[in-house]
Amino acid sequence: PTPTAPPPTNPPPTPTQCGAGEAEMEITITLDNYPGETTWNLINECGSTSVQRSGGPYTTPGGTEVIKECLPGNQQYKFTIKDSYGDGICCSYGQGSYSVKFNENEIDGDEFGTEESKFIGVCG
């Protein structure tokens, strides 16, 4: 009998190569059954309070969106996720959730109403 080859192993994702003074921000959003209701934004809280990035609405029920970007590492950011219907992304109509990773810190959540905001990072 021929030996069965082990299943292929997928290599770990290659980290984004950020420049000096930058750190990778990774935003992961698992959508609920109504992805068209979900939007988010990321605001730099150190000085200008400008929107750095935003996303949504989305089109894939239950899908996962992963956004990676290099941002200045010595900043604090406010991540706000919104649900236009007001029932959040968990748990009545799907098992949605979100996480934001930056500079070895992580914020996450799932149940909220119309919107939820959390802070990550420190102004340097």
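**Exercise 1.** State how many cavities of 30 Å³ or more a search of the whole structure finds.

*Solution.* The search returns 1 cavity of 30 Å³ or more. The model is predicted: local features need pLDDT of at least 70, side-chain atom pairs count only at pLDDT 80 or more, and totals for chains, interfaces and linings use all residues. Residues are numbered from 1 along each chain as its sequence is written, and side-chain values use heavy atoms, without hydrogens and water. A cavity is a set of points on a 1 Å grid over the protein atoms alone where a 1.4 Å probe fits but cannot get out.

**Exercise 2.** Give the volume of the largest cavity and list its lining.

*Solution.* The largest cavity holds about 40 Å³, a volume being the space filled by probe spheres set on the grid points. Its lining (residues with an atom within 4 Å of a point) consists of Met25, Ile27, Leu42, Arg53, Ile67, Lys68, Glu69 and Leu71. By class, 5 of the lining residues are nonpolar, none polar and 3 charged; Leu, Ile and Met count as nonpolar, Arg, Lys and Glu as charged.

**Exercise 3.** Identify which strands supply at least two lining residues each.

*Solution.* Strands are DSSP runs of E, at least two residues long, numbered from the N terminus. Strand 1 (22-30) and strand 4 (64-72) meet the condition. Strand 4 gives the largest share, 4 residues.

Methods. 1 Å grid on protein atoms, 1.4 Å probe; cavity = no way out; pocket = protein on both sides within 12 Å on 5 of 7 lines; lining within 4 Å.
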